[in-house]
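This report goes through selected features of one protein model. Please have the sequence and the 3D view open while reading.

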Amino acid sequence: MATRQARRDANKEGKLYSVKTGFNTIFTHPGLAATTLQAVQLVSPILIASNVLANLHVLRCLETTAGDVPKLDQTFFSNCMYAVTHATGHKAVQFNRAKNGELTESLDIYLQQLPQGHQPLERPTLIKDILNAASLMARTNFKNHIVTNYFSRTLSWIRLQLGQQAFFANMDSRIASSWAKFVCRAAADNITNIWDLLPRYTSLAQPPQHIMDDLENLVATMQQLMGPLPVTEWSLQRRPESYLPWLQLVLKDFEEAQDTPDAPKLFSMLPQSNNNTKFITISSTSLQKLLLATGIANVPSLTAQAGAKEFIQHQESWWNQYTDCISFCKRAQQSRRRFKFQVQTDGISVSVLMFQPFPSTQTDTATAATAAPPPPPGRKRKRQQRSSRAAVGAWVQGLPNRHLVQPARIVGLDLGRKALFTALFIANRQPTACKESAQPSTDTTVCLGAAADGKRRLASSTGCTRQSCGLAENQNSMLLYWLPQRPKWPAVRSSCTTFVTGCSTQQLLKSTLVIGGTGSCAGAPS
């Protein structure tokens, strides 16, 4: 499992992608697949039980210690997982009751609620690193839980308080919702004179004096209880534990209002998981333990001092030997992606973690121009289209004039066909008569259609009395063909895609259309 600093450095260098596939597609080794399924079955109930214990402990701390909540970091969630399990295997580590006194009291209350004869969950050494990754994910889920739901639950509480007054109860629901947002923003931004904020809400008018006094008292009370001010998304991510006392007050008022017609929905202090099978994270360190548990020979032992380092040094060969991740690596070479030696699975599907670096050198830029990778992050679509047209125009201008057909005009184009096109220039051909016309056409024509070789016909040439005609009716004619699959020349494919989708039909033939030899475009490898 990579460290936090390593993940920060990776985010600066590129993007992380998740490629999803089936379980049997990646875990092709029968023994490793069986061991992985066993790990999934062991970890899932541990995560469910630890979430219940963590929520119970937080509620107990809020009620008994006057809102003094411990720091809910990765260590806390890891201790919860250790507390509800019994360690087995080599170098098993049990939960330390003496070191975690408050969590031990919550654990005793949790164990009293379990049925008689309940056996503690097993925690073998096999899943140690998997649980470490799960505890880190639990911390991230807790942050997201607070950031996502804090303001929405605060707004629900404010609407509950305003609904107790007749002035707001008889008001239109949209106007009442605007008043709730007004109060929430005044309290969260720690504004002293809240009426300076009123002009920003154009749908609100100044209320009577007694309503103004009530709103000022409500905002002042909220500013004392909401937590560290001002409340922003950054502060919620920085110290999410500091805002739990306010959410507990909101939860209590919601419980008292359950008998009302529009009772607000109750919630949990921490994110709770359902009883479905959970995803587990398998890194290179976890893979080593899974291979050892499977009984595969030649795997570096964990008892050896340099066993883990030796496995990490040759991690690519181990992944390629016992999984099918190498197939993703081969496909990823075209888009400059790399396998990050980490997967997530629930025994049914697998998410393969891939990394794509940002183009930083001239070599990467040239590769990006020829292979047409995904656009850089943050670039808008219109800007991308303008740069693509400019690149295609520069490429066309660098070709000899003999490769361009002048003049030329479009005859027909199948607008419903979303596919790639290529142009074919045919010279020194004898005119052939159209099926519906006795005289051949004398204009320079463009035929969009199929020839006798079986390509799909899209349109006909100029000079025909009907839509059906032969191929080329004169010497200087041009054919535009539809390619059903990927061509062998990615650079030309990217250019063709740009001018077909980004230019008009006249621009397509007069400025950016490139004509090459039979069966290929000019400048493209045949």
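## Report on the predicted model

Setting aside neighbours within four places in sequence, C80 is in contact with S50, L53, A54 and L103. The model is a predicted one. C80 belongs to helix α4, which covers residues 74-83. Its relative accessibility is 0%, so C80 counts as buried, the cut-off being under 20%. The C-alpha atoms of C80 and N51 lie 7.8 Å apart in space, while 29 residues separate C80 and N51 in sequence.

The contact between C80 and S50 can also be followed from the side of S50. S50 sits in helix α3, residues 30-64. With neighbours within four places in sequence left out, S50 is in contact with C80, M81 and V84. S50 is buried, at a relative accessible area of 4%.

How many of the 10 residues of α4 are buried? The number is 7, so α4 is largely enclosed by the rest of the structure. The buried residues of α4 are F76, F77, S78, C80, M81, Y82 and A83. The cover over these buried residues includes α3, β2, α5 (101-112), β3 and α6.

Q248 is a further buried residue, with a relative accessible area of 10%. Q248 lies in helix α11, which spans residues 244-256. Not counting residues up to four places away in sequence, Q248 touches L62, E63 and M269.

| Residue | Helix | Relative accessible area |
|---|---|---|
| C80 | α4 (residues 74-83) | 0% |
| S50 | α3 (residues 30-64) | 4% |
| Q248 | α11 (residues 244-256) | 10% |

## The cavity

A search of the whole structure gives 1 cavity of 30 Å³ or more. The volume of the largest cavity is about 90 Å³. Which residues line the largest cavity? The lining is made by Y82, A87, T88, K91, A92, V93, R123, P124, T125 and K128. By class, the lining of the largest cavity holds 5 nonpolar, 2 polar and 3 charged residues. Y82, part of this lining, is also among the buried residues of α4.

## A helix pair

Two packed helices are described by the angle between their axes and the distance between the axes. For helix α6 (residues 128-162) and helix α9 (residues 209-225), the axes come within 12 Å and cross at roughly 145 degrees. The crossing of α6 and α9 is right-handed. On the α6 side, T154, W157, I158 and L162 take part, and they meet L215, L218 and M222 of α9. This contact of α6 with α9 has 6 nonpolar residues, 1 polar residue and no charged residues.

## The whole protein

The protein has 19 helices and 9 strands. Of its 526 residues, 43% are buried. Among contacts in the protein with a separation of 6 or more, 70% are between residues 24 or more positions apart.

Technical notes:
Residues are numbered from 1 along each chain as its sequence is written. This is a predicted model: local features need pLDDT of at least 70, side-chain atom pairs count only at pLDDT 80 or more; totals for chains, interfaces and linings use all residues. Side-chain values use heavy atoms; hydrogens and water are left out. Helices (H or I, at least four residues) and strands (E, at least two) are DSSP runs, numbered from the N terminus. Buried means under 20% relative accessible area, exposed over 50%, partly exposed in between (1.4 Å probe, protein chains only). Contact means heavy atoms within 4.5 Å. On a 1 Å grid over the protein atoms alone, a cavity is a set of points where a 1.4 Å probe fits but cannot get out, and a pocket is an open set with protein on both sides within 12 Å along at least five of seven lines; lining residues have an atom within 4 Å of a point. Grid points are joined across faces, edges and corners, and a volume is the space filled by probe spheres set on the points. Ala, Val, Leu, Ile, Met, Phe, Trp, Tyr, Cys and Pro count as nonpolar, Asp, Glu, Lys and Arg as charged, and the others, Gly among them, as polar. Axes are lines fitted to C-alpha atoms, for helices over the stretch in contact, and angles run from 0 to 180 degrees between N-to-C directions. A crossing is left-handed if the near helix is turned anticlockwise from the far one by less than a right angle, and right-handed if clockwise.
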